[in-house]
Amino acid sequence: MFPSVDPVNTSSWNALEQHFEEIKSKTLVSLFAEDIQRASDYSVTWDDFFVDFSKNHITTKTLDLFDSLIQEIGLEDAKKSFFDGEKINQTENRAVLHTALRNVSGKPISLDGEDVMPLVNQELFKVRSFVNRLHNKDIRGYSQRPINQIVNIGIGGSDLGPNMVVKALKPYQIEGFSSHFVSNVDASQMTEVLEQVDPETTLFIIASKTFTTQETMTNANTARSWFLKHAKEKHHIAKHFVAVSTNQQKVIEFGIDPDNMFLFWDWVGGRYSLWSSIGLSIACSIGYDNFYQLLAGAHEADNHFKSAPMRHNIPTMMALIGIWYNNFFGCESQAILPYDHLLSFFSKYLQQGDMESNGKYISRIGEKVSYQTGPIIWGEPGTNGQHAFYQLIHQGTKMIPCDFIACAQPAHPYTDHHEKLIANFIAQTEALMQGKNEQQVIAELEAQGMDSAQIKSLKPHKVFQGNCPTTAILIKKLTPNSLGKLIALYEHKIFVQGVIWNIHSFDQWGVELGKQLAGNVLRDIQAEKVENKHDPSTQKIIKMYLDFRSQLVDE
Ligand code: F6P
């Protein structure tokens, strides 16, 4: 049974509150001074991952209390319900089985008494044979030229995951093949992509779980009209459009042959769907074998999450440390800082994964929670971030826990660049923890020949308090396998936090209202008058828009 425990009513939460009072004034530097084993005791080496948790405000006591907390909450029961396919997404009455999609062990996973693996493998097989035919140049466009470009049209989970993975695994891109992603209903994006592709050799993948999403359907219609302008004959659509969806009816209505449809199921959440046939664009871009390696890596992370004890369990530790900062230290956000240009889309991707999952104020029993839930996730690749927003992390008034991510072996031959990148990755975690005290600043300024008056006025600005927590994730090399692991580790971190906060991590009702109201506003815009009920501000904006628009037309 999936547990439902109010965390603040547990004795461990209470004990953590008291422990926070003891630990809050201790610096990270002092924690290292007290415990020389800290670097090895608070780090995990797992396969090709090294994760250093030691630069966080935790002690053995903190970990003991974390341990009691997950016992009291019933984390093991929650994990069992999740992996066993119980309908833990209660508000949608669905199981949450993205782990089945990467269950490369092939062991049965039962849902409503039926093993889902034959279905999963059948669809995977369909992806494999399609992708192999594509790369063998057996899939040809209306003029018989082989397809060598794809445009994935989707949004949210039907875009961000595949898009992030394709960017991250660019070194694995099939030669002579290019991939594009269109998500925004702003046609500037579609226009930009259409300028780069050739209608005779392009495959459009319409990716949408529901096949009703306004942005995706609008973009899909535009792509179809653009294509028909070139190809002329409607029957050519079959060679250039495929769909990935759970909604066969809507796919048929759109005009795509069910033979050109790749299925997935309602027990796959949008933001957890890159492992399903939503990953078709990934397999087309990097080849089926590499896609399979991505799944295999994620499966290894699933096994790690299932079996590693808390202190060595990377996602559980990430989750608990996140809760420690979020609920006890009062941190509002978490920065994800990949020191790898290939991972430049990773924090954007995680924003949906984390914020759509755990941005909830209603508990599993339908009551308003009395504590903070999901943090604001943000970030950019280092070292660009260092020259942009790190000032605030180092000397601002907010504590921002940061995940630093880097890969030891680069995907390029420029050793000099890579050593500098890695030096920055490591040095930033050191600087954030150590800071620079007054004595060090005075010594530096004296060495520069400043007089005491100058030193006195400049000193406060040059002091770094340090004590900023970081977790460093060092991966041997960014490969399909290690990327699969990295993504799955974060997915499980999100899961653990949702369990502890006692919220429904797998629904997303919070995105519905905006969609509904956009429908009303659109009707007014199309009618060119404000007919629907809106507040005065909204009415005014609509009127001003119509006014500006008509002026533009007149000009
Ligand atoms: O708007 C939120 C959302 O429902 C996401 O959860 C989902 O990933 C995205 O929209 C796209 O939905 P679909 O795949 O059904 O087009």
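Predicted model: local features only at pLDDT ≥ 70, side-chain atom pairs only at ≥ 80, totals over all residues.
**Exercise 1. Decide how helices H19 and H20 are oriented relative to each other, and identify the residues through which they touch.**

Solution. Helix H19 covers residues 438-447 and helix H20 covers residues 452-462, and the two pack at an angle of about 130° with their axes 9 Å apart. Because angles over 145 degrees would count as roughly antiparallel and those from 65 to 115 as roughly perpendicular, the remaining class is oblique. The crossing itself is right-handed. On the H19 side the contact is made by Glu438, Val441, Ile442, Leu445 and Glu446, and on the H20 side by Ile455, Leu458, Lys459 and Lys462. Sorted by class, this contact holds five nonpolar and four charged residues, with no polar ones.

**Exercise 2. Classify the packing of helix H1 against helix H4 and describe the make-up of their contact.**

Solution. Begin with the geometry: the axes of H1 (residues 11-23) and H4 (residues 60-73) come within 9 Å and cross at roughly 160°. Since angles over 145 degrees count as roughly antiparallel, H1 and H4 are therefore roughly antiparallel to each other. Next comes the handedness, which is left-handed for the passage of H1 across H4. Finally, Ser11, Ser12, Trp13, Ala15, Leu16, His19, Glu22 and Ile23 of H1 meet Lys61, Thr62, Leu65, Phe66, Ser68, Leu69 and Glu72 of H4, a contact with seven nonpolar, five polar and three charged residues.

**Exercise 3. Carry out the analysis for helices H16 and H21.**

Solution. The axes of H16 (residues 346-358) and H21 (residues 480-501) come within 10 Å and cross at roughly 25°, which makes H16 roughly parallel to H21. H16 passes H21 in a right-handed crossing. The residues of H16 in the contact include Phe346, Tyr349, Leu350 and Gly353, while those of H21 include Leu486, Ile487, Tyr490 and Trp501. By class, the contact has eight nonpolar, five polar and three charged residues.

**Exercise 4. Find which residues come nearest to the ligand, and list polar atom pairs that involve its oxygen atoms.**

Solution. Of the 14 residues around the ligand, those that come nearest are Ser158, Ser208, Thr210, Thr213 and Glu356. For Ser158, a polar side-chain atom lies 2.6 Å from a ligand oxygen atom. For Gln352, an N or O atom in the side chain is 3.2 Å from an oxygen atom of the ligand.

Note on methods: Residues numbered from 1 in each chain as written. Heavy atoms only, no water. Axes fitted to C-alpha atoms, helices over the stretch in contact; angles between N-to-C directions. Helix = DSSP H or I, 4+ residues; strand = E, 2+ residues; numbered from the N terminus. Parallel < 35°, antiparallel > 145°, perpendicular 65-115°, else oblique. Left-handed = near helix turned anticlockwise from the far one by under 90°. Contact = heavy atoms within 4.5 Å. Nonpolar A, V, L, I, M, F, W, Y, C, P; charged D, E, K, R; others polar. Near = heavy atom within 4 Å. Polar contact = N/O pair within 3.5 Å; in protein donor to acceptor, adjacent residues only side chain to side chain.
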